[in-house]
Amino acid sequence: MRSRKKVVILGANFAGIACARRLSAHFDVTVIDVSGYFEFLPNIHELLSGVKSADVLRLPRRRLVETLGHSFVCETATEVETHAGYVETASGRRYAFDACVVAVGGVNNTFGVRGAEQFSLPFKSVDDCVAIAQRLRDLVTSGKNVSVVIIGAGLEGVEALGEILRGYRNHPGLAVHVVEGSERILTGRDARLGDDILQHCADFPVTFHLGESVASLTKTRVKLVSGRSLPSDVTLWTAGAKPSPLLFSSGLAPTANAWAAVTPTLQSCVAPAVFVVGDAAALPDPLSKQAYHALDMGAHAAGNVQRYFDGVPLKPFSRGLELGLIALGDVDTYLTVGRRIFAGPSLAAAKEIVFQANMARLDPPLGRSPAVGLGQRYWRGLHRLALPALRPAALRKSLSGLRVIAG
Ligand SMILES: Cc1cc2nc3c(=O)[nH]c(=O)nc-3n(C[C@H](O)[C@H](O)[C@H](O)COP(=O)(O)OP(=O)(O)OC[C@H]3O[C@@H](n4cnc5c(N)ncnc54)[C@H](O)[C@@H]3O)c2cc1C
C-alpha cells in the first residue's frame, strides 16, 4: 500500500485554517501553531470598549483541526528545511513533509524606535487588546485626566481610536493623540475616507499629528522627530508589521525585512514543494494584507497541493473583489467595495454579520445535543442572512440608505 502524502501547515489562523479545511483527510496533515486559539483579528479592537470579550473572538485550534481529520501540534516552528523536506519545532521535533504550507502572518514592527518595545502596547492579538483594555479601564476609573497616544493611523489605529471613543468619550479628562508618519490617515485608500473620519473626530477630544514620526518613547511621553513631546498614560503601537523571522532563517525570504516571494501559483520561488499564503506571501502583483485575501489564498493553496501531488498543472491565484468594512466605534462604519465607499452606522450590523458568519463557518456544530441543534439553526440563519447580503442585487438595496463617500 502506498503511504499517505504528508502535508505540514505552519500557522493556523486565516490562511492556514482555510487551507486545512480544503485539504483532504486522505493526506497525512499536521497543522502547527504556536498558540492554541484561532483569533478573529479584524474585530479585536472591540475588546477596547468591552463590546466583545476575549472568548467570543477565539476558537480552540485543536478542535477546529481535529474535526477535519488532521493533527494539531501547539509549538513554535523554528525552521523549514525546504530541501530535506521537514519542519523543526522549538522542542527539536521534526515533521517530514511532501508539501508544506507556510501561513505564519507577520510580527509587530516598531522600526527600532527607542523605547517602543518597552513602553508601548502592541495591537496584534486578543491578549494585546485585553491588556490595552485593562490599562484604559484602570486609568479611567482612577478619575484622573487620561492621555492616550495611538501610533499609526492605518486600519488598526483608526479602529482602535473608534473603540476608545465608543467606550470613553464621555470621560471628562480624556485626550487622544494620533501620530501618523504620512500626511493623511488610512494611506493607500481613497483620501475622502480619511477626510470623513477626520471630520467626525472634530467633535471629540482627538488631535491628529500627521506627517510626524516618532523619535522615542518613555513611560510617560512620546517624543516626535519634529521636537514635539506628547504626554502619554498609555501608548498603543499600531504602526505596522514585519515578516516572521522564520521566513529568512528558512531561506524563503532573501532578507530579514522581506516577505516570502511566491509564484502566481503560491509556490515559494525557492522551493516548489513549499507554498506560502496569507500575509507572509509576496505575490508578483502585491496584495493588501487582509483576512479575506488570506482565506482565499489558503483555500487556493490546498487545491494546488492536490494538483502538485497529482502531477497536473497548478492554477494561478486570482484575487477577489477588494471588500472592506472599517468601523469607527459607534460613530460610523464604512464599506469599501472596490473604489466605492459608503458610510452609515447601520453598516456596523454588516460587520457583525461578517464576523459571526465567519466564526460559525469555521466552527460548524458537531453531534446531536439541543445546544448543537440551536447552533446549526444559528449557522443556517447566518448563512441566509450573510451570504445573500453580499450578492450584488441585495447589496445595492441595502446600500440605498447610506451616505456615498465615493461612488
Ligand atoms: C488589529 C487588526 C485589525 C485587522 N482588521 C482587518 C479587517 O478589518 N479586515 C481584514 O480583511 N483584515 C484585517 N486585518 C488583517 C488580517 O487580520 C490579516 O490579514 C490576517 O490575519 C492574515 O492572516 P494570516 O493567516 O496570513 O496570518 P495571521 O492571522 O497573522 O496568522 C498567523 C498564524 O501563524 C502563527 N505563527 C506565527 N509564527 C509561527 C511559528 N514560528 N510557528 C508556529 N506558528 C506560528 C501565529 O500564531 C498565527 O496564528 C486586521 C489585522 C489586525 C492585527
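A word on conventions. This is a predicted model, in which local features need pLDDT of at least 70 and side-chain atom pairs count only at pLDDT 80 or more, while totals for chains, interfaces and linings use all residues. Residues are numbered from 1 along each chain as its sequence is written.

Let us begin with the ligand. It is surrounded by 35 residues, the closest being Gly11, Asn13, Pro42, Gly105 and Gly278; a residue is near a molecule if its C-beta atom, placed from the backbone, lies within 6 Å of it. By class, this shell holds 19 nonpolar, 11 polar and five charged residues. Here Ala, Val, Leu, Ile, Met, Phe, Trp, Tyr, Cys and Pro count as nonpolar, Asp, Glu, Lys and Arg as charged, and the others, Gly among them, as polar. Domain 1 (6–108 + 241–310) and domain 2 (116–237) each contribute at least three residues to the shell, with bounds that come from an automatic or database domain assignment. At least two shell residues come from each of helix H1 (14–22), strand S2 (28–33), H5 and helix H8 (291–310). Helices (H or I, at least four residues) and strands (E, at least two) are DSSP runs, numbered from the N terminus.

Helix H5 deserves a moment. Its 14 residues, 155–168, reach 20 Å from the first C-alpha to the last, close to the 20 Å expected at 1.5 Å a residue; the expected span is 1.5 Å times one less than the number of residues. Of the 14 residues in H5, 13 are buried. Buried denotes 20 or more other C-beta atoms within 10 Å of the residue's own, exposed 12 or fewer, and partly exposed in between, with C-beta atoms placed from the backbone.

I turn to the sheets, where two strands pair if DSSP finds at least two bridges between them. Five strands form an open, parallel sheet in the order S11-S18-S12-S13-S14. S11 and strand S14 (206–210) are at its edges with a single partner strand each, so one side of each has no neighbour in the sheet. Within this sheet, S12 (146–151) pairs with S18 over four bridges, and Val149 has Thr235 in S18 as its bridge partner. Five bridges join S13 (174–180) to S14, where His177 is partnered by Thr207.

A second open sheet has four strands in the order S23-S24-S25-S26, with antiparallel pairing. Which strands stand at its edges? They are S23 (323–328) and S26 (403–406), each having a single partner strand, so one side of each is left without a neighbour. S25 (340–343) is joined to S26 by three bridges, and Phe342 stands opposite Val404.

There is also a hairpin, in which three residues connect S15 to S16. S15 (214–217) and S16 (221–224) run antiparallel with three bridges, and Ser216 faces Lys223.

Finally, two residues other than glycine have positive phi. Phe111, with phi of about 50°, lies in the loop between strand S10 (106–108) and helix H3 (116–119). Leu266, with phi near 75°, lies in the loop between strand S20 (260–261) and strand S21 (274–276). Is each of them buried or exposed? Phe111 is exposed, with 12 other C-beta atoms within 10 Å, whereas Leu266 has 27 such neighbours and counts as buried.
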